[in-house]
Amino acid sequence: LLSAPKYVLLAAILYSFVVSMDLPSIEWFLKSPYNLVADIKMLQYFLAPGTLPLGVIVVMVLGSIFLPGFWCRGFCPYGALLGLLSLLSPMAVNRNPPSCSGCGRCAAACPSRIPVDERKRLSGPECVGCTECVSACPSRCLDIRFGYGTGALRLPAWGIAAGTLLILLIGYAAAVFTGHWEADLPPQMIRMFLN
């Protein structure tokens with residue numbers, strides 16, 4: 001139930017920018033002066049926060065004391081999007097039920113409170129791939145697999161981190177190769193919009 005707000009926020013954002021805007025409006029927004037300096041404005045917003053942002057930060061910090069991952073699990077729309085996309089991922093934590101002792105240490109170690117000891121394949125919106133469950137398992141019935149079914153390739157525990165890094169490096173290389181990595185915004189234009 002706690003994760004519901006992030007999906008509501010994601011739906012509102014997708015509706016606002018994908019459904020309710022036509023292609024010319026999206027193109028105008030992407031080329032608008034506001035969007036060109038949005039990252040810089042966001043940085044200024046956090047460098048000199050007002051009362052509302054400070055209040056939100058305090059609530060998030062206090063919430064995280066009582067519930068680990070309070071922001072990520074309950075309110076982050078980007079996390080909701082990544083979680084839904086993770087349903088398509090061929091990489092997941094797998095449990096071998098015959099070798100499972102049923103001790104429940106894997107479920108207790110999971111920061112997302114997923115009942116790892118009750119599932120055979122752990123892939124879904126709430127699993128962040130931290131492999132805490134794999135480390136906590138005394139019977140070694142958990143492992144990382146790439147693929148589906150009996151032909152899935154077994155990977156070392158650092159396989160998720162390596163796969164993530166590989167995806168980021170491929171994205172970076174593609175952006176550099178296609179000329180989308182460097183911003184061609186003149187410094188004087190940045191100064192003009194910041195004042």
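Asp143, Arg145 and Arg154 are linked in a network of salt bridges, and this is the place to begin. A salt bridge here is a side-chain nitrogen of Lys or Arg within 4 Å of a carboxyl oxygen of Asp or Glu. The structure is a predicted model, in which local features need pLDDT of at least 70 and side-chain atom pairs count only at pLDDT 80 or more, while totals for chains, interfaces and linings use all residues. Residues are numbered from 1 along each chain as its sequence is written, and side-chain values use heavy atoms, with hydrogens and water left out.

**Stop 1: the salt-bridge network**

Select Asp143 and Arg145. Their side chains meet in a salt bridge of 2.9 Å, N to O. Asp143 is buried, with a relative accessible area of 10%, and Arg145 is partly exposed at 25%. Buried stands for under 20% relative accessible area, exposed for over 50%, and partly exposed for values in between (1.4 Å probe, protein chains only).

A salt bridge of 3.3 Å, N to O, joins its side chain to that of Asp143. Asp143 lies in strand β3 and Arg154 in strand β4 (residues 153–155), so the pair ties together parts that are 11 residues apart in sequence. Arg154 counts as exposed, at 54% relative accessibility. Strands (E, at least two residues) and helices (H or I, at least four) are DSSP runs, numbered from the N terminus.

**Stop 2**

Which strands pair with β1? Five bridges join β1 to β3, and the two run antiparallel. β1 also pairs with β2 in the antiparallel sense, over two bridges. Two strands count as paired if DSSP finds at least two bridges between them. For individual partners, show Val93 with Ile144 in β3, then Asn94 with Arg121 in β2.

**Stop 2**

Centre on Val134. Not counting residues up to four places away in sequence, Val134 touches Val93, Arg140, Leu142 and Ile144. Contact means heavy atoms within 4.5 Å.

**Stop 2: two positive phi angles**

Most residues other than glycine have a negative phi. Arg140 has a positive phi, near 55°, and is not a glycine. Arg140 lies in the loop between α9 and β3 (142–146) and is exposed at 56% relative accessibility.

Thr131 has a positive phi of about 60°. Is Thr131 buried or exposed? At 13% relative accessibility, Thr131 counts as buried.

**Stop 3: Lys6**

Go to helix α1 (residues 4–19) and select Lys6. Lys6 is buried, at 2% relative accessibility. Leaving aside neighbours within four places in sequence, its contacts are Cys72, Arg73, Gly74, Phe75, Cys76, Pro77, Ala80 and Glu126.

**Stop 6**

Select Glu27 and Lys31, whose side chains meet in a salt bridge of 3.1 Å, N to O. The two are four residues apart in helix α2 (residues 23–31), so about one helical turn separates them. Glu27 is partly exposed at 44%, while Lys31 is exposed at 59%. A search of the whole structure finds four salt bridges.

**Stop 4: the nonpolar surface patch**

Select Met42, Tyr45, Phe46, Leu54, Ile57, Val58, Val61, Leu62, Ile65 and Phe66, which form a nonpolar patch on the surface with about 1,000 Å² of accessible area together. The elements giving two or more residues are α4 (38–47) and α5 (51–66). Which element gives the most to the nonpolar patch? α5 does, with seven residues. Phe66, in helix α5, is exposed at 72% relative accessibility.

Patches are made of residues with over 30% relative accessible area and no salt bridge; like charges are joined within 9 Å and nonpolar side chains (Val, Leu, Ile, Met, Phe, Trp, Tyr) within 5 Å. Accessible areas come from the Shrake-Rupley method with a 1.4 Å probe, and for residues only the protein chains shown count as cover.
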